[in-house]
Amino acid sequence: MGAHKNSPKVSPSQQKSTTLKCLLDLDSKYSSSRQSHIDPEYDEILSLISYCSYTFTFTDPSESPFQQNLKRDKLIKLLSIVKPPKKTVPDEILSSLFAMISTNLFRPLPPPTASTVSIFPDDDDFIAASASAWPHLHLVYEILLRLITNHEAKTLRDYINESFILNLLALFQSEDPRERDSLKNAYHKIYSKFHSSRSFMRKSMNDVFLHYIFETGEKHCGIGDLLEIWGTIINGFSVPIKEEHRIFLTRVLIPLHRQKGMGAYYKQLAYCVYQFVEKEPMLGVVVVRGILRYWPMTNCEKEVLLIGELEELVENMGTEQYKILALPLCKQITKCLNSWNSQVAERALYVWNNERFVKMASEAIDDVFPIVVEGMERNLKDHWSKSVRQLTENVKEMLEEMEPILYSKCLSQLQHHDSAKNEEEMRRRERRKNV
């Protein structure tokens with residue numbers, strides 16, 4: 001990528017010798033007695049690292065495929081050296097390895113392909129280069145994962161610092177799902193091992209979410225992957241949940257529901273929210289109110305997803321929460337079952353097959369039924385979709401069996417209201433004629 005364009009036009013063999021000389025010069029700071037104890041094979045390892053520190057653009061026709069394949073072979077050999085379980089690497093080699101890893105991974109990414117930001121003319125070249133570079137990047141990620149796995153946190157602290165973590169986070173914008181998957185594994189392993197860095201890592205991820213929420217025209221491919229990491233973190237929260245994490249729920253997770261691109265990360269987002277509610281059911285009230293506040297006006301696909309999430313949340317709440325949420329939830333579901341979009345209407349009607357949802361509605365039955373009955377009758381009278389009218393008839397039968405007297409009363413009140421409304425409309429028309 002972009003950094004590669006500024007690379008000096010030298011062959012990998014020339015780069016190899018120059019870089020190796022610098023690496024060996026750095027080793028001269030150690031005493032000769034220390035040097036005498038260094039295994040001779042370290043020279044070979046440093047030579048491998050030096051060659052692998054050269055990055056290819058994969059767009060420059062002057063680059064040799066032979067040299068690209070040679071670098072891949074050397075990366076494979078490096079991986080075989082660090083791969084054995086509990087295989088520790090001395091500091092002299094670690095510093096060079098992390099320099100090589102940083103050189104290969106931390107590079108400018110191509111701009112997003114589906115965004116309101118401008119697309120550079122050579123964007124296709126960037127994307128092609130990203131795919132071409134994966135055989136190298138994949139091995140570099142594997143080397144990083146092995147180093148994290150095989151070494152203690154205190155050994156790696158000088159290399160995996162805050163700057164390194166932020167650079168990893170920036171790569172989550174990659175459009176290559178293979179790279180994001182490798183990043184997810186590396187970031188999670190770092191979080192698990194580096195206890196002292198956990199607070200910083202959580203805050204850094206939150207900064208990415210907040211930037212995405214408030215820079216709404218900007219695409220970010222890694223939101224779902226970061227939420228997946230958060231899902232495992234939330235799973236380990238103790239009860240009662242700390243205030244810091246409650247703030248994350250209200251200021252990050254709930255507002256993520258309002259984004260147009262929510263469908264791309266809906267499953268991970270719903271899982272994170274569900275984890276919170278499962279641990280503290282009362283948080284369900286906060287979540288449901290937040291979702292209702294951000295309910296889409298014209299995005300039918302999002303409405304279908306959100307109806308499903310509300311239904312799942314209801315499954316994990318108790319009577320105390322039902323009494324609070326029955327009326328606002330049933331109002332929204334009724335609006336949805338009256339939607340002219342048949343998919344939204346059908347999904348809302350299917351909610352009434354959920355026993356927990358019906359139980360919730362029964363907690364405020366006197367307030368809920370007038371709204372629901374009106375919605376049912378409107379569908380039966382006016383909705384264009386035959387399947388929606390049929391489903392509505394099925395739900396009506398179920399509600400009539402559940403509360404026959406109340407349903408009949410609500411229906412009578414609705415008919416009386418409609419009759420009065422019609423009479424008023426007729427009087428208004430007569431007055432217009434007489435003017």
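Me: In which loop does S174 lie?

Reply: This is a predicted model, in which local features need pLDDT of at least 70, side-chain atom pairs count only at pLDDT 80 or more, and totals for chains, interfaces and linings use all residues. Residues are numbered from 1 along each chain as its sequence is written, and side-chain values use heavy atoms, with hydrogens and water left out. Helices (H or I, at least four residues) and strands (E, at least two) are DSSP runs, numbered from the N terminus. On that numbering, S174 belongs to the loop between helix 8 (162-170) and helix 9 (177-193).

Me: Is S174 buried or exposed?

Reply: Buried means under 20% relative accessible area, exposed over 50%, and partly exposed in between (1.4 Å probe, protein chains only). The relative accessible area of S174 is 3%, so S174 is buried.

Me: Which residues does S174 contact, leaving aside its neighbours within four places in sequence?

Reply: A contact requires heavy atoms within 4.5 Å. With those neighbours left aside, the partners of S174 are L109, E179, R180 and C221.

Me: How do helix 9 and helix 10 divide into nonpolar, polar and charged residues at their contact?

Reply: The axes (lines fitted to C-alpha atoms, for helices over the stretch in contact, with angles from 0 to 180 degrees between N-to-C directions) come within 9 Å and cross at roughly 145° for helix 9 and helix 10 (residues 198-214). Helix 9 contributes Y187, I190, Y191 and S192, and helix 10 contributes R198, M201, R202, S204 and M205. Ala, Val, Leu, Ile, Met, Phe, Trp, Tyr, Cys and Pro count as nonpolar, Asp, Glu, Lys and Arg as charged, and the others, Gly among them, as polar. The contact therefore divides into five nonpolar, two polar and two charged residues.

Me: Are helix 15 and helix 16 roughly parallel or roughly antiparallel?

Reply: Helix 15 (residues 300-315) packs on helix 16 (residues 319-337) at about 155°, with the axes 12 Å apart. Angles under 35 degrees count as roughly parallel, over 145 as roughly antiparallel, 65 to 115 as roughly perpendicular and the rest as oblique. Helix 15 and helix 16 are therefore roughly antiparallel.

Me: Which residues of helix 16 meet helix 15?

Reply: The residues of this contact comprise seven nonpolar, no polar and one charged. E303, I307, L310 and V314 on the helix 15 side meet, in helix 16, Y322, L329, I333 and C336.

Me: What separates the C-alpha atoms of L292 and L329?

Reply: L292 is found in helix 14 (residues 283-293). Leaving aside its neighbours within four places in sequence, L292 is in contact with L310, P328, L329 and Q332. L292 and L329 are 37 residues apart along the chain, and the separation of their C-alpha atoms is 8.1 Å.

Me: How many disulfides does the structure hold?

Reply: A disulfide is a pair of cysteine sulfur atoms within 2.5 Å. The count in this structure is zero.

Me: Which cysteine has the sulfur nearest to that of C336?

Reply: C336 is buried, with a relative accessible area of 1%. C336 is in no disulfide; at 9.5 Å, the nearest cysteine sulfur is that of C300.

Me: What is the omega of the cis peptide bond that joins V239 and P240?

Reply: Most peptide bonds are trans. P240 has its place in the loop between helix 11 (223-235) and helix 12 (243-253). The bond joining V239 and P240 is cis, with omega about 5°.
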